[in-house]
Amino acid sequence: MASFIQLLVSGLATGAIYALIAVGFTLLWQTSQTINFAQGEFVMVPAFFILEAMYLGAPFWLAILIGIALSVLLIGLAFKLIIVDPMLKHGVLPLVISTIALSLFMKEMVKNLYSSNAQPFPALAPPIDLHFFGAVISTQSLVVLAVAISAVVALHLLLHKTRLGRSMQATAQNPTLARILGIPVRRMVLYTFLINAVLCAIASILISPIYLAKFINGETLGVAAFLAAIIGGFNQVRGAIFGGFILGILDNLSAAYLSSTYRGAFPLLILIAVIMWRPQGLLGRVEERTV
Amino acid sequence: MKRLAVIAVAVGAAFAIVVPLFLKPYGIYLSSTWAVLTIAAMGLNLTLGYAGQVSLAQGAFVGIGAYTTALLMHAGVPYPIAFIAAGLVCFSIGWVLGYPALRVQHHYLAFVTLAFTTLVFLVLRNEEWLTGGTYGLSGIPRPVLFGWSTNGPVRFYYFSLGVLTVLATGTWWMLRSPWGRAFIALRENPIRALSLGLDTRRYTLMAFAIGSSIGGLSGAVFAPLVQYIEPLSFALNLSLNLLLMVIVGGSGYFFGPFIGALVAVLLPEWLRFIEGYYLVFYAVMVMVMMAFCPTGILGLVERIVKAVSVKRSPPQPALQPEGTSP
């Protein structure tokens with residue numbers, strides 16, 4: 001039982017990070033039909049911005065701010081303007097190919113500039129083990145959970161309680177109607193890209209102390225984000241959150257209780273099952289197909 | 001336009017036959033790699049370029065084909081039978097993988113096939129009793145066909161070129177048959193195809209199965225080429241690379257995969273001087289191409305040839321639409 005609680009907490013922590021990445025992923029999909037195959041690399045890279053800032057002498061807290069700012073600029077704004085905008089008129093597939101190429105580009109750049117060795121990354125909290133009913137839980141997991149959940153709650157409040165958020169939702173649901181109502185659709189789409197960049201940077205800060213900063217990290221994270229988004233529901237923010245938590249918990253529990261060599265297989269089997277029986281995702285709405 | 005294409009193909013074929021004779025063993029090995037990759041990309045082009053089904057599983061099928069061939073040959077089965085078995089195994093698995101394609105489209109399908117590729121990789125890595133796990137399978141012999149040994153770089157190159165020629169001819173023939181037309185209809189407008197009485201269900205499965213079986217056959221050539229196979233060669237990277245090859249060459253063009261595979265094989269060699277940055281260069285090239293010419297290199301060539309010929313001759317009243325004349 002104690003080990004079960006331990007696994008559950010660490011699963012929730014991983015799941016919270018997956019949820020952050022998946023939420024950004026679905027936001028891009030909803031507002032601009034962008035399927036971002038480089039999402040995992042978007043999470044891998046901010047850690048290196050931060051390491052670079054610290055290398056240049058910035059204290060950790062300042063490096064984090066610089067890292068987030070650079071992320072917003074490069075993987076938010078520049079991504080939108082340079083990669084996505086010229087591509088949208090060609091349809092979904094060329095953009096998918098382009099983001100695959102972008103992920104290759106980011107991976108290879110980091111590998112060439114930083115070597116393929118894993119870089120240690122400072123943690124947000126000192127690693128103290130807390131004991132609850134015999135289970136050992138590290139403060140790191142708790143901090144990850146707290147930060148990720150507050151980020152998600154902040155995003156939820158932004159989307160549902162502010163005028164800006166409701167404009168963004170309107171843009172996602174029906175861009176034509178939103179434009180008629182006087183919502184600056186293009187700017188709203190841009191905002192989702194910036195929000196995605198911030199979410200990716202936060203996820204990067206949370207996950208890098210655990211996995212270390214490594215050029216290859218993006219591959220598993222990107223796939224996890226897709227899986228979470230599809231399992232939970234592509235067109236719902238809460239679907240992505242739900243999917244992320246399911247995935248994190250499942251990953252930890254199945255590795256411990258079923259088979260550690262096939263750890264990676266269980267989420268994929270669930271994915272295939274969800275796609276076969278409930279393609280809109282567990283919490284998703286059915287999207288009408290246009291002829 | 002058509003005569004130009006015939007000349008280009010003839011020159012390309014002559015190159016493929018003559019050039020390797022003047023290359024060092026490493027160059028000949030690269031040429032054989034090109035032939036293998038072209039076969040795999042040709043299969044994917046059928047699924048993606050003609051039938052319009054996004055698949056990230058082609059690398060997995062190359063792997064299944066290679067392992068099938070290697071295991072059967074180790075069991076003493078003659079190569080031709082192992083070769084055919086690789087194609088049949090991939091045909092049936094491809095057929096089954098086609099079922100999700102009936103339910104979902106585009107990106108969902110990309111993810112299902114991506115999941116499939118990862119699952120195949122896990123099985124190849126974990127089932128040591130069958131696949132040798134991370135150590136892979138070694139000592140795969142070069143086949144002897146009708147008393148003619150394919151051992152030796154040049155001999156094996158001509159063997160792979162021969163397989164490529166046979167499969168390309170078969171694919172060409174199929175694309176001109178009603179099946180090929182049906183695949184294109186599936187890509188262009190599935191609902192209209194259905195309303196015209198086309199059994200879209202069967203053709204979707206067929207597109208997947210045939211494309212996958214061609215991938216398996218390329219694996220059957222790959223295994224004796226490298227003589228040692230391991231799971232990592234068939235991980236997601238290979239599927240992504242094959243996808244990029246089809247797109248870079250020109251998806252939906254018959255010779256697109258030939259060009260795409262050539263670029264993928266030659267680029268790292270030509271760009272030796274920038275060392276690790278060649279993939280960076282490749283990635284930038286793909287992104288630029290997607291922004292300005294998403295139809296790939298052959299699409300670009302077609303556009304240029306058209307522009308030149310329009311300039312030369314005044315516009316004719318009834319222009320034949322390209323690609324519809326036989």
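Buried residues make up 49% of the 291 residues in chain A of this predicted model. A residue counts as buried if 20 or more other C-beta atoms, placed from the backbone, lie within 10 Å of its own. The model is a prediction, in which local features need pLDDT of at least 70, side-chain atom pairs count only at pLDDT 80 or more, and totals for chains, interfaces and linings use all residues. Residues are numbered from 1 along each chain as its sequence is written, and chains are lettered from A and ligands numbered from 1 in the order in which they are written.

Chain A has 11 helices and two strands. Helices (H or I, at least four residues) and strands (E, at least two) are DSSP runs, numbered from the N terminus. Along the sequence, the order is α-α-α-α-β-β-α-α-α-α-α-α-α. The C-alpha atoms of chain A fill a box of roughly 60 × 50 × 35 Å along the principal axes. The radius of gyration of chain A is 19 Å, which agrees with the value near 19 Å for a compact globule of 291 residues. That radius is taken over C-alpha atoms, and the globule rule is 2.2 Å times the number of residues to the power 0.38. Of the contacts in chain A with a separation of 6 or more, 73% join residues 24 or more positions apart. A contact requires C-beta atoms, placed from the backbone, within 7 Å.

Helix α5 (residues 139-161) and helix α6 (residues 163-173) of chain A pack at about 80°, with their axes 5 Å apart. This angle makes α5(A) roughly perpendicular to α6(A), a class that spans 65 to 115 degrees. On α5(A), the contact is made by Leu158(A), Leu159(A), His160(A) and Lys161(A). Leu164(A), Gly165(A), Met168(A) and Gln169(A) contribute from α6(A). These contact residues comprise four nonpolar, three polar and one charged.

Between the chains, 33 residues of chain A are in contact with 30 residues of chain B. On the chain A side, α3 (60-87), α4 (92-114), α9 (217-232) and α11 (265-277) each supply at least two residues. The most come from α4(A), with 15 residues. The model scores ipTM 0.84 and pTM 0.86.

Chain B has a mean pLDDT of 86, and 94% of its residues reach 70 or more. pLDDT is the predictor's confidence in each residue, from 0 to 100. Over residues 317-326 of chain B the pLDDT is below 50. Beyond near neighbours in sequence, this stretch has one contact in the model. Where pLDDT is low, the predicted coordinates should not be read in detail.

Definitions and conventions:
Contact = placed C-beta atoms within 7 Å. Axes fitted to C-alpha atoms, helices over the stretch in contact; angles between N-to-C directions. Parallel < 35°, antiparallel > 145°, perpendicular 65-115°, else oblique. Nonpolar A, V, L, I, M, F, W, Y, C, P; charged D, E, K, R; others polar. Buried ≥ 20, exposed ≤ 12 C-beta atoms within 10 Å, placed from the backbone.
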